[in-house]
Amino acid sequence: MNPRRLRPWGPFAALVALCVGIALVEPRFATAQNFFVIADRCAVPLILAVGMTFVVLQGSIDLSIEGVMAVGSLAMAMLVLNSRTGFDLGFAGIAAAALAGAGIGALNGAVVTRLGVPSFMATLAVWSAAMGAAMFMSAGEPPLVRDPALRGFGLGRTWGMPNLALVALLVLALGWVLQDFTRFGRHSLAIGGGEELARLGGLPVDRYKVLAFTFCGLLAGLGGALESARIGLGHVEIGVGQTFTTVTALVIGGTSIGGGQGGVLQSALGAILLAVLANGMIFVGIAPPIQKAVHGAIILAATLFATWHLRGRLRVVQ
Amino acid sequence: MKLPSTTHRARPGAPGGAAGRPAACAAALAAWLLAAGAATAAPLCDKSEIRLVNSMREIAQPYHANLHKGGRLFAAWAGIEPRYVLQLNHGDSNKQVSLMRGVLSHNPKCTVFNVEPNADVVIQPMVNVASRSGAWIVSHWAHNEGLHPFDGNDQWIAHVAVNSLDAGVSISRRLVDAMQGKGGIVALQGRLDTDPARKRFAGLQQVLKDQPGIELLDHQTANWDRTAAFPIVQAWLAKYGPRVTAVWAANDDMALGALEALRAAGLAGKIPVVGVDGIPEAVAAIAKGEMTATVASDAYYQGSIGLAMGVCVLTGKIPLPRTWPKEQREFYLRLQVITKDNAMQFQGDPQASAYASEWDCNKLWSRSTGKAF
């Protein structure tokens, strides 16, 4: 069998193996109720992973998403019915938070393309600035979300499926369309595969980079707002740990950090795998102090399993 | 030794808060001045020379804002408000010490510091500064091992410690009561590498030892974080279903995250939830009946009691601290358990009258639960 055909199935096989393994140890893991719990858990990470994928496909990275989520969280909480301000925008508050995120993403893109700062440093600086802005907005008195429709949406379900997971599926579909059916998606792969070649070939590389950062920011802002709708509070630390989780999800899914390899469906699989792992450890009953170690070991194993086929000839592992 | 008793003393803290009225305040002040004349020790400073410094991290979070409010409340009550100073270190331990040095260039011997340490290690250098300059200091929370006010640190009036084991025991008792002795608990721990996280959880284990009808189903860490607590509680509900009849959390933030997960499952208010800290949202949830209990160190008290001790020493109404017994120099603070019965009291800012009886020079140790450490 042609190994190229097997390529996308690596992460999927890893996910299935993990699920089967956990279910064998603890049958209560494999219930419909827990399926929806996992869906709820991976909703926001999946949205973030879709956004990050385009940035990473182009060979850049976005380390600002925790800061963008914080701004999105506070922007949403302060624009809907809340304990601090007089606004009452309802669901438009979520859109406003996503737009604020897109604005910060565009700033990332501008700093990278116009000022020529490496994305690693540029987005790290923007992360810090965005956290500062969010702390300023929070002012020691975090706004509570009081809009019952929004809270109901954040905590509720439709046909059994958590609403946030449905939003995540929509975002995934959008990401897939962007990737496979638009010039932006195809050219992103080309840029990651060889930026100089893409430039020589006449592609508007800078424009696509700004677009990718903007899209990533938009989804991070959306993620922060959705998390806030669920938790009921505008919170500076709403996204703590998410940058690392998102990058891990991408790598496990088989999206190469070097760019030019992978896609949104693979990244989504990675995000789901991480959610299953975190949920599964509670079911299996691994003691909290050693969970971190088990987490690390399984991530390493999953990455090896999922990306073994990428260790092709002439490929330098960095 | 016994403390010298002073003659009649107004009790502005009488129930009903009548002392909030100006007349009663004036009476309290008059009593204060009278008592000063009747003191047994010679005053070290005239009241007009005394300066009060509250040293803390910041005032953006509710806890710290209330430390400051408590200090100001005391200063106004004692008639020293113009010489009340607030020092904020913004999380910088070196700055906390250098701010202290800065203010001591003038009149150090009549200056009292009430210190919320940025870190345990900052207390030693601050005590050193006090010893060299002759200023007075009262510290809170925890300090490094092997360091004590009674080991020759005469300017270090006292250390008011918080007992995290006690906090864990208090909320666990309330939880067990609410469960009527049977059912299953799931517990959210704080960061496992911190001392309060370990001691609060030890408090739960201690209470559960005598509760054969209650099972600790599982415990996980959510790193003090509300967002992290949410999916953990959801996973528990999927794993244990109706066997989960109570949620224990090592702080209010995680308790509130758990509460939202319960709300998503239609269980908010039906399953008892407890936390620690007494943050305003938790107090509101308790008043609403969605949380069972939390426990607070009482920031207003912590922000004022050290200043009250200093004023009592400087005005000579109590003897010099070096003559006090050890349990008065270093003691645990009695924590306040907040339940539905008393939640109303903890909503909004208190009046000076609520604390006046505890600022009384004879009652400075009324919240001590005994020698600390």
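Helices here are DSSP runs of H or I at least four residues long, numbered from the N terminus. With that in hand, take a look at A:R230 in this predicted model: this arginine sits in helix α11 of chain A, which covers residues 205-231. Buried means under 20% relative accessible area, so A:R230, at 4%, counts as buried. Leaving aside residues up to four places away in sequence, A:R230 touches A:D40, A:V44, A:R151, A:G154, A:L155 and A:L164, plus B:F230 and B:E260 from chain B.

Now step back to chain A as a whole. Chain A has 14 helices and 2 strands. Its radius of gyration is 20 Å, close to the 20 Å that the globule rule gives for 318 residues, so chain A is as compact as a globular protein of that length. The C-alpha trace spans about 60 × 55 × 35 Å along its principal axes. Of the 318 residues, 54% count as buried. The accessible surface of chain A is about 13,800 Å², and 69% of that belongs to carbon and sulfur atoms. As for charge, chain A carries 20 positive and 13 negative side chains, with the centres of the two sets 10 Å apart.

Chain B has 12 helices and 13 strands. Of its 373 residues, 56% count as buried. Chain B exposes about 14,700 Å², with carbon and sulfur atoms supplying 53% of it. Among its contacts with a separation of 6 or more, 75% come from residues 24 or more positions apart.

On to the cysteines. A disulfide is a covalent bond between the sulfur atoms of two cysteines. Over all chains, the count comes to 2 disulfides. One joins B:C45 to B:C110, with an S to S distance of 2.0 Å. The pair links distant parts of the chain, 65 residues apart: B:C45 is in the loop between α1 and β1 of chain B, and B:C110 is in the loop between α3 and β3. The torsion about their S-S bond is about -95°, so this disulfide is left-handed. B:C45 is buried at 7%, and B:C110 is buried at 6%.

B:C312 and B:C361 also form a disulfide, with their sulfur atoms 2.0 Å apart. B:C312 lies in helix α10 of chain B and B:C361 in the loop between α12 and β13, so the pair ties together parts that are 49 residues apart in sequence. This link is left-handed, with -90° about the S-S bond. B:C312 is buried at 0% relative accessibility, and B:C361 is buried at 1%.

Key. Residues numbered from 1 in each chain as written. Chains lettered and ligands numbered in written order. Predicted model: local features only at pLDDT ≥ 70, side-chain atom pairs only at ≥ 80, totals over all residues. Heavy atoms only, no water. Buried < 20%, exposed > 50% of the residue type's maximum accessible area, 1.4 Å probe, protein only. Contact = heavy atoms within 4.5 Å. Areas by Shrake-Rupley, 256 points an atom, 1.4 Å probe, with all protein chains shown as cover. Rg over C-alpha atoms; globule rule 2.2 N^0.38 Å. Lys, Arg positive; Asp, Glu negative; His and termini not counted. Charge placed at Lys NZ, Arg CZ, Asp CG, Glu CD. Disulfide = S-S within 2.5 Å.
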